[in-house]
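Dear colleague,

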Amino acid sequence: MTSDSYVARLRQVTQRYGKVIALDDISLDVPAGNLTGLIGPDGIGKSSVLSLIAGARRLQHGHVEVLDGSMADAHHRLRICSRIAYMPQGLGRNLYPTLSVRENIDFFARLFGLDPGLRSGRIGWVTDATGLQPFLERPAGKLSGGMKQKLGLCCALIHDPDLLILDEPTTGVDPLSRRQFWEMIARIRAGRPQMSVLVATAYMEEAARFDWLVAMTKGRVLSVGTPEELRRRTTSQTLDEAFIKFLPDTGQNVLRKSPPPPPQTHLDQVIAVRAQGLTIAFGDFTAVDHVDLTIRQGEIFGFVGSNGCGKTTTMKMLTGLLEPDAGSAELFGQDIHASDISTRRRVGYMSQSFSLYTELSVRQNLELHARLFAVPSTLIHERVREVAERFELTAVLERLPTTLPLGLRQRLSLAVAMIHKPDLLILDEPTSGVDPIARDAFWVSLTELSRNDGITIFISTHFMNEAERCDRISLMHEGRILITDTPKALTERKQASSLEEAFILFLEEAGGSSAGGQATSLLPPQSWQMEEHPSTSSHHSGGMRRLFAYARRESLELGRDPLRLSLSLVGSVILLLVIAYGISLDVEHLSFAVLDWDQSAISHDYTQNIAGSRYFDEQTPLTSHADMDRRMGSGKLSLAIEIPPGFGRDLAHGRKAEIGAWVDGAMPTRAEIVESYVTGMHDQWLARRATEAGQAAREAAPATIALRFRYNPDVKSIVAMAPAVIPLLLMLIPAILTALSVVREKELGSIVNFYVTPTTPLEFLVGKQIPYIALSLVSFLLLTIVVIAVFRVPLKGSFLTLLMGAVLYLSATTAMGLLLSTFMRSQIAALFGTAVLTLLPAVSFSGLTDPVSSLSGIGRLIGEIYPTSHFLVVARGTFSKALQFSNLTSSFLPLLAAPVILVGLSALLLQKQER
Amino acid sequence: MPLAPTLRNIFYLGIKELRSLMRDRMMLFLILYAFSFAIYAAATAMPETLNRAPIAIVDEDRSILSARIIHGFYAPLFASPKLITTAEMDARMDAGMDTFALDIPPNFERDLLAGRQPSIQLNVDATRMTQAFTGSAYVQAIVSQEIATFLFRRHIADSAPVELVLRARFNPGLSKSWFGAVMEVINNVTMLSIILAGAALIREREHGTIEHLLVMPVTPLEIMVSKVWATGAVVLLATACSLVIVVERILQVPIAGSLTLFLAAAALSLFATTSMGIFLGILGRSMPQFGLLLILVILPLEMLSGGMTPRESMPAIVRTLMEAAPTTHFVALAQAVLYRNAGFKVVWPQLLALLLIGVTLFTGSLLLFRRRLRALS
């Protein structure tokens, strides 16, 4: 075979994450034009192989060649990534939940540089082919799991990839949707036979229909070949079996193929769960519609149904998490209320997604739950040991849950749900994404619990071989229970060959095939065929398009969050009003009191001189030094004046007198102002007395000092403060807006779209930044209007200069948030980091109250380079000093440099691949 | 509700919070930074009274007197004066290079000696309020002093019949670094407690762990109290260390009053601010929304509490509004305890106010928490 026959080749690839070896010296050739499957237990490196081939993950050791080039070569990756489509693990993990189906697909189409005409044509075709056409305007977050996966496929197919990589695309998807999904893949492959498809899956019955399989375990390849070959090689009936036989360590990994649980010997008459007419609505959507349930003690009761049909909601109502709108539910004869916690002790609940504390070790999680369920502390140690043994967790007790494979994590969840020996277990899709061996072990435990300990189990699942092991199952569809019976009876009722077939028949009868995709055209019409991959030929011209694709998407998302929009606009105006009024430096109504030992006409005159001003309010006179100490100590007086005995007499006799003034220094700014007021008034008083005494001529000052308060002749605080608050707000709010934008994509998973599309870090960052700059510019205009109209501070200088400064400044402040977002790993740290690194410098080091040149130490240094200082000069300059651009060039240079440096730094820090 | 299990749950849930925080290395680093370096920077940056005020002098006289006036301005009050020309003066002030520009006219000395009462012009950049006000008084005093010494060879104050002796109490040097340090500690206490409590709640929601808690025999009250005590303990410890090591030891700020009383007040204030954090954590549905709410709340809390500018100068409405903010009372109390050595008898109204605000915020959050349970899971 020539190299053309292989779409990807791996040679001696080894990947380690911390101490864990994910891939151990793997070599593998993936044939082109095939549907190739990767099978194996959880956590053995299937996802690692796929993400390496997709270019989403950095290669550590070895050689990976995809589409005739090395994936270690960044240029090759950039060249070919538009020929690859990658759909990561997890339901809709790379989709944007607030965007509609159309907008999601459109975003991907733009990233791959499709022309507008081609775009709408191809969106029409892929949604038609997948049956998503009727849901074009529905937000992705509101789709069911199966539909999310179809949408993911649409997004992957929009640019006609040559290699389609799907990581567990049908995990957590109901059987009907799963079947539709594979039918769709088959149709598309029929239309594009040259396309290679690489899939990881935990469903062996799916894998049995693939062209070629790679069986993996523990970071190694066990065997390759067609499903038929694999079966033959191991003389097995099913692929499931074949797979087990491949595993080297047979002692551990025997698929016990446990028999279905023996029938219940003594039919317990105690009713564990009784629900009648349970109904709940979210808005105008009725999620659960008059559901009746009766589950006997010790029974294993299964819940099956399509994604989003209300199983989880029903379960949540039974746990007391949700209060039903109508109907009633009883556990062991007791009504369930959200506020009543006594019944909760009898229930163990395991939610659909892993929801234990990832920051606590396995042991700490178990102990915490034991304590919260009030297991006596003397028993806790024993109980933890017991469940750890039962669920084979003893070896991993000290590890963090995140480092465990999915199967072990699910076992931990079950162990946690069991720790307090509940009478009823409510398990919501506990085996979703768990490999067959782990799943079997799980069911062995469940059977034991039910049959030996008499525990009632209420479980939902998408696996029909699991549903078969239940005593009875309910079929749910669109909020209603269609039918409840034993698995055998259900199969017989539809005269189906298997439960899965029966299930699909029931659903189709109930109208569940609405999203089935009756695609008429298997091929995109000629006019929508893609001639070539546009970004392959002209990567650079596509740069702007991708940048705008990101900008467009970010603004759509922002638009879907009206609270954030209004908070940032209205909030900044409110803050301006409060702060500009509030941090006034016009100090008035300071409290003062006099300790007047003299009590003469002159001493009263002196007191009146101070009390008469608008700056000071006189309080009850002081009686003694102790009184003064007490009242100043309590902060009730800002100023105390002491007039000595004989003050009037001394003055009359021309003897020198001394007046004491005590100022409360606990707030230095206020103290300084008080000092300057008192000094001024003292001098005034002296001057007045001199004039009255007719000394004017003799003692007149030899020279005068003409004081000119410039820019703000009335020395009004608001004129100085209002324009200065604008830079402050335009630092804090834009920075916090962008601070989560990257780290959030990392946490939620959509960052992978950046890894595997031809987007460069700069396109990604600037694209994200633009909407926030635009939003903040609106905010800037609002603030400017408020300053002019409400505070009556005229804009004396050039508005254009101010606007130009604002654009540069906002580019810098949004980049500041982006930088922190790129750098931090958790959202909390990004938030706190941004608050810490913007608040103090912007408020204290940027010249808001004290000019930067008067600061000292580190604060001065920070102030010199901080963008807020420079925009503050521009804002005050244009508002109060009537300045033009030419006067402000020295401030514009740093403002120009700041965004370039900050965005550049972010781009350097932003990895184009996952480590 | 039996008390023992409730207390036990609160204890264990709180321990869980502490363990979570210990795992976030970056967060620990940021806390360390906020309570050491940031405090140090804030304290040392603040100018002492009038510090190195930038002044420029246009000396058109070039006489002995004008030279003396120029030499009258020196550090630390003023930066050494820049000698400039009339033409440069406006441009320099426009660019914000000088706060003061003193123009000594030609023949100033000659006119003075001739008794013609010449006039010196002092230009002040009045957009820099703090310096403009106190600074211009200083400039006038210095110029008058130099003229008096030149003319009469004596100190100007000697000529006045009454001397005003000014003494600042509690902080004799009016050192702002004392003040800056303590206020920055208070700011960080507020910010950290709101973020830790609020973001921890949002994270529990985003990771689905809150749902897990709610199916257990655990009440919203217990969840809230555990967050309050755990967050409070971390911040209180950071505060105590910061005060003793950074503020007292490194910055050499003499703390007059009782540290215990201050920490007790900090604990009360933390009760209020963590409750506020939880409130915001329920109000905001995602981390980005919480971030914005945080900024909207924290800015007024920090800037209008009386720690930055005196409360006396605020308009009545802002002052009244800020009575509802825990920081206002905490700042007033901190000034009283740490500077004026005030005891419980003096500061009990602030303590009471903090308690009331805390109880109100806590109750409000608890009610909202209970009402939003459905949305949370």
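In chain B, helices α9(B) and α13(B) are roughly antiparallel to each other (angles over 145 degrees count as such). Their axes, lines fitted to C-alpha atoms over the stretch in contact, with angles from 0 to 180 degrees between N-to-C directions, come within 11 Å and cross at roughly 160°. Helix α9 covers residues 176-206 and α13 residues 287-303; helices are DSSP runs (H or I) of at least four residues and strands (E) of at least two, numbered from the N terminus.

This is a predicted model, in which local features need pLDDT of at least 70 and side-chain atom pairs pLDDT 80 or more, while totals for chains, interfaces and linings use all residues. Residues are numbered from 1 along each chain as its sequence is written, and chains are lettered from A and ligands numbered from 1 in the order in which they are written.

In chain A, an open antiparallel sheet has the strand order β11-β10-β13-β14, where pairing requires at least two DSSP bridges. The edge strands, β11 (285-296) and β14 (334-335), each pair on one side only. Five bridges join β10 to β13 of chain A, and Arg274(A) has Glu330(A) as its bridge partner in β13(A).

Cys154(A) belongs to helix α5 (residues 145-157) of chain A. This residue counts as buried because it has 25 C-beta neighbours inside 10 Å, the threshold being 20 or more other C-beta atoms within 10 Å, with C-beta atoms placed from the backbone.

Yours sincerely

Note on methods
A residue is buried if 20 or more other C-beta atoms lie within 10 Å of its own, exposed if 12 or fewer, and partly exposed in between; C-beta atoms are placed from the backbone. Angles under 35 degrees count as roughly parallel, over 145 as roughly antiparallel, 65 to 115 as roughly perpendicular and the rest as oblique.
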